[in-house]
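Subject: Structure handover

Hi,

Here is the structure I promised to pass on to you. Please open it alongside this note, and I will walk you through what turned up.

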Amino acid sequence: MKTRLGCLSKKSDSYSDFSEFLPPAHETTARCLKLSTDEVVRWSESFDNLLSHKYGLVAFRTFLKSEFSDENIEFWMACEDYKKIKSSTKLVSKANKIFKEFIEVQSPREVNIDYRTREKTKQSLADPSPTSLNEVQGKIYSLMEKDSYPRFLRSKMYQDIVNRAQAQGQRRSV
């Protein structure tokens, strides 16, 4: 188990790095993740299925990094973490961090949102609650679902994952 998770601990910046998550096409190995064809195909059934699957999320993040557009998924994930915070002190701190990193104009990983949404979010974060980022997170989710997700499904990366899973499944059944 530790070596399997070791494959996931490396930060991946390109599509070629994703191959670490899959067994080589010609052999199976306990070191790397084995995905079933059903799991991988389920990712194409809905964006929720992709994001709710641990390795689907890894694959999607890797794809976005390869396109130099991973700020949206990173923002979405930061919002998911934000919603889980119970302490009001930590909530304020995390809200400020998210605003400075993703929402503020000219921020390092600025997400593409309209002026009205940016201002409304800024006002909402003046007195943050666990739901303060829901509207802007929903807009970014929708943007990814309509734009990035279809590109991911058409990508060589996703097709390779499906093909590998199918080939691996055929070897297991022989």
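Thr-62 sits in helix α4 (helices are DSSP runs of H or I with at least four residues, strands are runs of E with at least two, and both are numbered from the N terminus). Because its relative accessibility is 4%, Thr-62 counts as buried (buried means under 20% relative accessible area, exposed over 50%, and partly exposed in between, with a 1.4 Å probe and protein chains only). Its side chain reaches the backbone oxygen of Val-58 at 2.8 Å.

Before going further, a word on the basis: this is a predicted model, in which local features need pLDDT of at least 70 and side-chain atom pairs count only at pLDDT 80 or more, while totals for chains, interfaces and linings use all residues. Residues are numbered from 1 along each chain as its sequence is written, and side-chain values use heavy atoms, with hydrogens and water left out.

Now to the aromatic rings. Rings of Phe, Tyr and Trp (its six-membered ring) pair if their centres lie within 6.5 Å; planes under 30 degrees apart count as stacked, over 60 as edge-to-face and the rest as tilted. By this rule there are eight aromatic pairs. One of them joins Phe-47 and Phe-60, edge-to-face, at 5.4 Å centre to centre with 75° between the planes. This pair links distant parts of the chain, with Phe-47 in helix α3 (residues 47-52) and Phe-60 in helix α4 (residues 54-66), 13 residues apart. Phe-47 is buried at 1% relative accessibility, and Phe-60 is buried at 0%.

Phe-60 also pairs with Phe-152: the ring centres are 5.6 Å apart and the planes lie at 90°, so this pair is edge-to-face. Here too distant parts of the chain are linked, since Phe-60 belongs to helix α4 and Phe-152 to helix α8, 92 residues apart. Phe-152 counts as buried, at 0% relative accessibility.

Which residues do the ring pairs link into a cluster? They are Trp-43, Phe-47, Phe-60, Phe-63, Tyr-141, Tyr-149, Phe-152 and Tyr-158.

Last, have a look at Ser-155, in the loop between α8 (134-154) and α9 (156-173). Ser-155 is buried, with a relative accessible area of 10%. Its C-alpha atom is separated by 8.4 Å from that of Phe-63, 92 residues apart along the chain.

Best wishes

Terms used. Polar contact = N/O pair within 3.5 Å; in protein donor to acceptor, adjacent residues only side chain to side chain.
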